[in-house]
Amino acid sequence: MEQARLARVVLAHRGKLRKMQDAGLEGADWKLVFALRIAALILRSRTDARLPFLRVAADAGGFAIDLPQSWLDDNALSAAALDSETDHWKSVGMKLTVSGLSDKKVSVLQQVR
């Protein structure tokens, strides 16, 4: 990836995405932007806290994230930031859905890994 495009991806890691819509980002660039933005939201406290189970899917229309509902309940600020993030993606014509999974569902999915 050329240095200028990489710089644009890094600039998009926080704030409004609409500012990046005309920045010449390509399909794979948006996946990098997504990964950086979600990492910044979930690791917001910069502690050694254990990361939650996380399942991500992507398609041409956007992204989907599944997290334990118990983690979302215990991390209200992160949950609110993820909710706000859906609006940022909508502003550039992409979807982001965030779903809470039951502890039972998480346990089953972790066994499948």
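Colleague: Are glutamate 85 and arginine 37 buried or exposed?

Modeller: Compare relative accessible area with the cut-off: under 20% is buried. In this predicted model, both glutamate 85 and arginine 37 are buried.

Colleague: What does glutamate 85 form with arginine 37?

Modeller: Look for a side-chain nitrogen of Lys or Arg within 4 Å of a carboxyl oxygen of Asp or Glu. Here glutamate 85 and arginine 37 form a salt bridge, with 2.4 Å between the closest N and O atoms. This pair links distant parts of the chain. Glutamate 85 sits in helix 4 (residues 76-90) and arginine 37 in helix 2 (residues 27-42), 48 residues apart.

Colleague: How many salt bridges does a search of the whole structure find?

Modeller: The search finds 3 salt bridges. Another one joins aspartate 66 to arginine 55, and their closest N and O atoms are 2.7 Å apart. Aspartate 66 belongs to strand 2 (residues 62-68), arginine 55 to strand 1 (residues 55-59), and the two are 11 residues apart.

Colleague: Why does aspartate 66 count as buried?

Modeller: Because its relative accessibility is 14%, and buried means under 20%. Arginine 55 has a relative accessible area of 34%, so arginine 55 is partly exposed.

Colleague: Which residue forms a salt bridge with lysine 95?

Modeller: Aspartate 59 does, with the closest N and O atoms 3.6 Å apart. Lysine 95 is in strand 3 (residues 95-101) and aspartate 59 is in strand 1, so this pair ties together parts 36 residues apart in sequence. Lysine 95 is partly exposed at 38%. Aspartate 59 is also partly exposed, at 45% relative accessibility.

Colleague: In what order do the 3 strands form the open sheet?

Modeller: Read the order from the pairing of neighbours. The order is 1-2-3, and the pairing is mixed. Strand 1 and strand 3 are the edge strands, since each pairs on one side only. On average, neighbouring strands are turned by 15 degrees against each other, direction ignored.

Colleague: In which sense do strand 2 and strand 3 pair?

Modeller: They pair in the parallel sense, over 7 bridges.

Colleague: Which strands does helix 2 touch?

Modeller: Helix 2 packs on the sheet and touches strand 1, strand 2 and strand 3. Its direction makes about 25 degrees with that of strand 2. Helix 4 lies across strand 2 and strand 3. Helix 4 runs at about 160 degrees to strand 3.

Definitions and conventions: Residues numbered from 1 in each chain as written. Predicted model: local features only at pLDDT ≥ 70, side-chain atom pairs only at ≥ 80, totals over all residues. Heavy atoms only, no water. Helix = DSSP H or I, 4+ residues; strand = E, 2+ residues; numbered from the N terminus. Buried < 20%, exposed > 50% of the residue type's maximum accessible area, 1.4 Å probe, protein only. Pairing = 2+ DSSP bridges. Axes fitted to C-alpha atoms, helices over the stretch in contact; angles between N-to-C directions. Contact = heavy atoms within 4.5 Å.
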